[in-house]
Amino acid sequence: MTDPYPEHMMESVRRVNATRDERKDMEFDRIPEEESDELLRQWHPDYRKSDAAFFRELAVGPAKGKIVPTEVANVLEAHPRVNPSDVDLSEVEYSTELLVIGTGGAGLSAILWANNEGIAMEDILVSTALRLGDSNSKMSQGGIQACDGKDDSPMIHWLDVLSGGHWTNDRPLARDLVEKGPLAIKWLESLGATFDKEQDGDMQLLMAGGASRKRIHSCKDYTGLELTRVLMDEALSRDVNTLEFCPTVSLLTDGSGAVAGGLLWNMETEEYHVVRSKATVIATGGFGRLHVAGFPTTNHYAATCDGLVSAYRVGADIIHMQSTQYHPTGAAYPEQIVGLLVTEKCRSMGAQLVNDDGEAFIYPLEPRDVESAAELKEIGEGRGITTPTGQDGIWLDTPMIDKKRGEGALEDGLAAIYRLFTRFGIDPTEYPVLVHPTLHYQNGGIAINRDTQVVKPDGSPIENLFASGETTGGVHGDNRLMGNSWLEIVVFGRKSGISAAKHAKKAKMPKKSDLSLAHLDKYSKELEEAGIETERRTPIILPNYLGENTMKATGYGKEKPFKRRLDLFA
Amino acid sequence: MSQNQEVEKKDQPESEMATIYIMGKPYEVPSELTIMQAQEYAGYRLIRGVGCRGGYCGACTTIYRKKDDYKLHIDLACQTKVEDGMYLVQLPFVPAQKPKWDLEELEATSEEVIRIFPEITRCVSCNTCTQACPQNLEPMRAIQAIRRGDLEQAADLSFDCISCGACSARCPAEITHYHVFQLVRRLYGKYIQPKAEHVAQRVGEIEEGKFDDQMDELIELPEDRIRELFLDVRAGNEFSLDQNSGEE
Ligand SMILES: Cc1cc2nc3c(=O)[nH]c(=O)nc-3n(C[C@H](O)[C@H](O)[C@H](O)COP(=O)(O)OP(=O)(O)OC[C@H]3O[C@@H](n4cnc5c(N)ncnc54)[C@H](O)[C@@H]3O)c2cc1C
Ligand code: SF4
Ligand code: SF4
Ligand code: FES
């Protein structure tokens, strides 16, 4: 067999192989709190608040003065993509009770529950950037939390959610999350989702990192695929009205500040569609494809923060945006799969993180931020491995899994990971795989209240506008635990559908003559007054990977930051 | 822009280049790229034919031939490396109507599935679908399991299906496998797999308000008290608002 890695990497692999026996029964010390604090401060991108390359204070808009990652500031402090004078708002193509933007788990749940609440399917219009259901939701592997275990309760789940969020969560939102958890699972079960169960139907509950009870419900290691396709199939069976490849590029207002619909951009025919609606739900998901701090990402192609940008321009507050979740194990080799998730389960099953010298340098199950910082330190101090395309990484010693648990353990328990690497000629039962921290989850986002109404900084709602899912902030505080995000999109997606439906039933259809994009002109003026000169136009809809950009979306290290950092606007 | 530093070429060995033909037109691209990245490198701004970029959504089905190889290959553009001399085109869409159904009105039997998809009885067991599947599944076996009445096996065999349509694009019996499989899995999940009673029970308890008083009190507590309660439950103790921290 030929070696799966180039020779300079194989030399390192041999060092890893040589220490495997000795590492097998190695006892790790948990890292003391002062040391992990120091590690985070030195190496984690979130702790570089005063470094302008990483963070910037917003100079315009409702959250002016708040500190956000530079890439987020770049999309917020940019000109609207739409030039209001290019759009004829008197040509209203669709008038609808409800406009839903985005079709991940949150958008799909909103559609189905608005329909359950009495809004006819033909009165719901759906805007989505790619195909129906193409989203981060489809990519999740691990599972969904809910407190239906015998030794569990909403109180215990709530405490875990708060501990995960470093006690900064919106407490009532976190309460709604946990109290509706079992109902969310029951609903998915009734739609025919296949969960991993015992013979008698009991769920096979698993432990999530940071949780104090077994509470993860899974569908093999394709949980998101299974749940998303069930929701899609139900929506399609009810004749959902979707405009695919028609992202929303701006909200419309009625002149008084209330939202009156959306402006959609048909990417295929390159024309605008004006949509007037009584209520609008934003469910556009996260921001992985902004490559915050220069990191590769696990996210889907359209995860570009669009909904948040549009909401910001009509006055929405944003919260908890100063913290970002980097997953410690994104693939780093081969180039084709850089950034893709290598599930935490590998480490739960015994794989260790090992440096170029074959040394295991950290207990494999520290919190995600600590693991990521430890890897960045190894790389930054020269103990990482660099691939032929310039991507740095650390070994994840996957052969240890079979060594500890017996032959076949990896292939049985980690089918998606086995498939991911063997496709490229790397057998993870024989060779370690190369990983690097990867941008995984947008912790913060649009501020909402318990009815999922989008709110301004003073807490008052923006009329007719709702939001749910990863695009919102508050539920998870500064950090989310694995499995709580899928729970969030079902619980709050449902809530946003119900709230928007109730609202639409009472609301009047905005007058055609009132439809306006004046808020965009106002925003441009604010940019000008703040002295911001930029060519950038947002929302960006899709990242720009053309030409050389294909290969430079990644790379972070203390000595050589942004080695391959991508400018999406280039 | 100031924060955008140029690619450091010096510690990167030159990439080997490959010539690929996108719909017949030749392009020079680095040979370590996927088909998807190679198209972008060549200057195609992808709108269709891309979704997750990670092998989960089935949006990027691509057909190609290799140099000196008569065989027509079918694979995922985001998970397949380019090769020198590759001739390719993406299938942005595999046309297939999805019949609508109301699960509440169906029975979990193969007769029901065959009523909706009569064409599955025309399967000629050619196994082309299995050879086409980029997930290495066995769609033919799954179709045959349905015909035998074994919906559980069909659901299981098709579980990792990402609806890429590769099988359906090539099937001589014109079966739309992924729609068939979706129906079968939902019928299995809803009617054949037993329900989780503990879930329904907890939903009932919550709806009856069993936890309301405790939750009302809990969410108003100061942070240090909440931290104590967390440490208690983390240590495996039952939740109790009266409990003192540290007593196990
Ligand atoms: C690889 C991976 C693994 C994960 N694993 C887990 C896990 O095990 N457990 C867990 O709980 N969570 C997990 N997560 C997180 C979780 O999957 C997501 O947070 C969640 O699915 C987000 O759902 P959403 O509906 O808010 O957004 P998404 O699912 O991302 O959907 C957003 C939708 O909006 C569309 N869109 C974007 N911009 C526009 C626009 N301008 N106009 C119209 N539409 C637009 C998108 O195309 C998409 O359809 C994982 C995430 C990833 C990426
Ligand atoms: S069974 Fe068919 S649709 Fe499903 S993954 Fe395989 S080839 Fe694609
Ligand atoms: S390709 Fe069609 S006819 Fe051939 S085995 Fe598969 S399902 Fe049957
Ligand atoms: S883009 Fe989703 S499978 Fe290739």
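Contact, as the word is used here, means heavy atoms within 4.5 Å. The model described is a predicted one.

In general, the angle between the axes and the distance between the axes describe two packed helices. The crossing in which H7(A) passes H8(B) is left-handed.

**Helices that meet within chain A**

A second pair belongs to chain A: helix H2 (residues 33-43) packs with helix H11 (residues 368-380) at an angle of about 60°, their axes being 9 Å apart. H2(A) and H11(A) are therefore oblique to each other. H2(A) also passes H11(A) in a left-handed crossing. From H2(A), the contact draws on A:Ser36, A:Leu39, A:Leu40 and A:Trp43. From H11(A), the residues are A:Asp369, A:Val370, A:Ala373, A:Ala374, A:Leu376, A:Lys377 and A:Gly380. The contact of H2(A) with H11(A) comprises seven nonpolar, two polar and two charged residues.

**The interface of chain A and chain B**

Chain A contributes 98 residues to the contact between the chains, and chain B contributes 89 residues. About 8400 Å² is buried between chain A and chain B, and carbon and sulfur atoms give 55% of this area. Which residues of chain A lose the most area to chain B? They are A:Met155, A:Trp167 and A:Gln336, which together account for 9% of what the chain A side buries.

**Salt bridges**

Side chains of opposite charge can pair when their charged atoms come close. Over all chains, the structure holds 45 salt bridges. Across the interface of chain A and chain B, eight salt bridges are found.

| Residue | Partner | Closest N and O atoms |
|---|---|---|
| A:Lys220 | B:Asp156 | 2.8 Å |
| A:Glu226 | A:Arg229 | 2.9 Å |

A:Glu226 and A:Arg229 both belong to helix H8 (residues 223-237) of chain A; because they are three residues apart there, about one helical turn separates them.

**Points of the backbone**

Where in chain A does A:Pro334 lie? A:Pro334 is in the loop between strand S13 (324-331) and helix H10 (345-348). The peptide bond that joins A:Tyr333 and A:Pro334 is cis, with omega of about -5°. Another cis peptide bond joins A:Thr538 and A:Pro539, and its omega is about 0°. A:Pro539 is placed in the segment after strand S22 (537-538) of chain A.

In chain B, the loop between strand S1 (17-22) and strand S2 (25-30) contains B:Met23. Although B:Met23 is not a glycine, its phi is positive, at about 50°.

Note on methods. Residues are numbered from 1 along each chain as its sequence is written. Chains are lettered from A and ligands numbered from 1 in the order in which they are written. This is a predicted model: local features need pLDDT of at least 70, side-chain atom pairs count only at pLDDT 80 or more; totals for chains, interfaces and linings use all residues. Side-chain values use heavy atoms; hydrogens and water are left out. Axes are lines fitted to C-alpha atoms, for helices over the stretch in contact, and angles run from 0 to 180 degrees between N-to-C directions. Helices (H or I, at least four residues) and strands (E, at least two) are DSSP runs, numbered from the N terminus. Angles under 35 degrees count as roughly parallel, over 145 as roughly antiparallel, 65 to 115 as roughly perpendicular and the rest as oblique. A crossing is left-handed if the near helix is turned anticlockwise from the far one by less than a right angle, and right-handed if clockwise. Ala, Val, Leu, Ile, Met, Phe, Trp, Tyr, Cys and Pro count as nonpolar, Asp, Glu, Lys and Arg as charged, and the others, Gly among them, as polar. Buried area is the accessible area (1.4 Å probe) that two parts lose on being put together, summed over both. A salt bridge is a side-chain nitrogen of Lys or Arg within 4 Å of a carboxyl oxygen of Asp or Glu.
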